Number of protein chains: 2
Amino acid sequence: MERLRCVIQYDGTHYAGYQIQPNGNTVQAELEKALRKMHKGQRVKVVASGRTDSGVHAKGQVIHFDTDLTIPLSNWRRALSSLLPADIMVESVESVPSDFHARYDTTGKEYRYFVWNAKEPDIFKRLYRHHVRGELDIEAMREACSYIEGEHDFTSFCSPKTDIKGDKVRTIYRAEISEDGQEITFVFRGSGFLYNMVRILVGTLLEVGRGDRSPREVPSIIEAVDREAAGRTAPPHGLFLWKVHYEERGE
Amino acid sequence: MERLRCVIQYDGTHYAGYQIQPNGNTVQAELEKALRKMHKGQRVKVVASGRTDSGVHAKGQVIHFDTDLTIPLSNWRRALSSLLPADIMVESVESVPSDFHARYDTTGKEYRYFVWNAKEPDIFKRLYRHHVRGELDIEAMREACSYIEGEHDFTSFCSPKTDIKGDKVRTIYRAEISEDGQEITFVFRGSGFLYNMVRILVGTLLEVGRGDRSPREVPSIIEAVDREAAGRTAPPHGLFLWKVHYEERGE
């Protein structure tokens with residue numbers, strides 16, 4: 001048996017999220033269906049770095065699985081890709097030690113959230129950018145970001161539907177905003193993220209950007225430890241799981 | 001009765017083309033459905049500058065229709081847009097003389113065809129860009145474009161499925177190629193276009209770009225007056241009806 005780690009991309013538009021569920025098509029189900037074909041009907045369990053919600057995209061999701069096939073590593077990517085639908089792509093496949101675990105071994109993640117900030121929608125961006133019509137105060141949102149960075153209990157930015165039982169303390173290493181014409185990109189890099197955390201952060205930042213909240217409210221929102229204190233959850237289609245980080249292994 | 005002219009955009013991905021047909025959803029059917037709602041169940045016939053095929057997009061399709069509603073012109077755009085699906089957008093609405101005709105009055109059109117020229121596909125561009133893996137010789141394609149410009153009988157670049165009965169002489173004012181990183185844009189501006197003409201032109205240009213044909217073959221392809229002489233039809237999803245031209249009316 002060999003353990004393989006893959007970086008995959010997917011367009012979440014037509015999926016009921018990453019994780020297999022009884023109703024609705026999922027990315028995991030597509031991956032396992034493709035692997036089952038390659039393994040002559042045998043089920044191959046796929047483990048991802050974490051789930052993504054319905055409509056959320058991934059540029060750098062990481063998965064692992066075990067295989068007894070003797071395909072040369074250089075052929076794996078094309079072999080697996082050819083069995084997947086056009087909205088899921090395998091970017092790389094590498095052999096990893098048998099104790100590597102895509103979920104437990106992550107040291108952090110990067111999410112990006114894309115906003116199309118224009119009076120009119122752009123229908124050709126509608127699946128990948130959240131359209132915000134009104135003007136946004138970028139500097140106010142940047143100030144708000146500075147309060148998000150650091151180690152905090154992020155309960156206020158976690159959906160009550162979470163199944164996390166442990167504490168909700170996470171470290172955000174970086175919360176940044178960049179502008180390119182009418183496109184605004186939010187970048188969050190952190191040790192870990194709670195359920196809907198990036199979408200609630202963005203929803204709250206957008207309320208700051210619109211002037212409905214002061215950036216200085218953010219520390220008290222965090223201190224409230226109450227989901228009701230934060231802003232609305234931004235829609236899923238602007239969100240991309242951008243990169244999953246792992247510790248470099250020494251020899 | 002008042003005649004209105006609208007510029008509309010649509011994402012052709014989920015449509016069986018622009019024009020109403022017995023089977024399959026169409027852009028025209030969506031427009032007429034929305035107008036029927038606004039007109040209390042009365043059918044409003046929509047006339048477009050021309051059809052687009054299944055999967056082809058539009059940034060600047062032009063339509064006209066007649067209405068007896070007394071909505072102020074400035075409210076029309078939002079009223080109609082609100083009844084349309086998210087993949088069709090009304091960009092502008094203006095009042096025109098009652099003898100304006102969206103199809104008969106066109107003086108020319110511009111189409112753009114977008115190629116994503118990279119070793120790997122980009123799944124987030126897959127609906128709007130034709131992925132071409134191999135390297136393309138841009139200069140050779142530009143030379144080929146120079147032979148396309150001008151007045152020619154474009155029978156070789158017309159699908160035999162056409163229902164055009166008249167001659168197939170058209171004038172291409174401009175056939176240009178621009179490059180931006182891995183994106184290649186083909187721009188065609190002409191007096192009129194035959195069925196599948198842009199897609200056959202692009203398919204032929206791509207064969208030149210790959211080195212399968214010499215740019216100097218283009219004049220003989222045109223002279224052959226035979227669809228078999230030209231290259232393959234490029235897929236629909238890279239194609240956009242970009243702009244429709246009309247004569248400026250004097251007072």
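Me: Which residues are linked with A:Glu110 in a network of salt bridges?
Reply: This is a predicted model, and in it A:Glu110 belongs to a network of salt bridges. The partners linked with A:Glu110 in that network are A:Arg112 and A:Arg189.

Me: How many residues apart in sequence are the parts that the pair A:Glu110 and A:Arg189 ties together?
Reply: The side chains of A:Glu110 and A:Arg189 meet in a salt bridge, with 3.0 Å from N to O. Because A:Glu110 lies in strand β5 (residues 106-117) of chain A and A:Arg189 in strand β9 (residues 183-190) of chain A, the pair ties together parts whose separation in sequence is 79 residues.

Me: What is the distance between the closest N and O atoms of A:Arg174 and A:Glu176?
Reply: A:Arg174 is partly exposed, with a relative accessible area of 24%, and A:Glu176 also counts as partly exposed, at 37% relative accessibility. These two residues form a salt bridge, in which the closest N and O atoms are separated by 2.9 Å.

Me: Which residue meets B:Asp167 in a salt bridge?
Reply: In chain B, the side chain of B:Asp167 takes part in a salt bridge with an N to O distance of 3.8 Å. Its partner is buried, with a relative accessible area of 17%, and that partner is B:Arg170.

Key:
Residues are numbered from 1 along each chain as its sequence is written. Chains are lettered from A and ligands numbered from 1 in the order in which they are written. This is a predicted model: local features need pLDDT of at least 70, side-chain atom pairs count only at pLDDT 80 or more; totals for chains, interfaces and linings use all residues. Side-chain values use heavy atoms; hydrogens and water are left out. A salt bridge is a side-chain nitrogen of Lys or Arg within 4 Å of a carboxyl oxygen of Asp or Glu. Helices (H or I, at least four residues) and strands (E, at least two) are DSSP runs, numbered from the N terminus. Buried means under 20% relative accessible area, exposed over 50%, partly exposed in between (1.4 Å probe, protein chains only).
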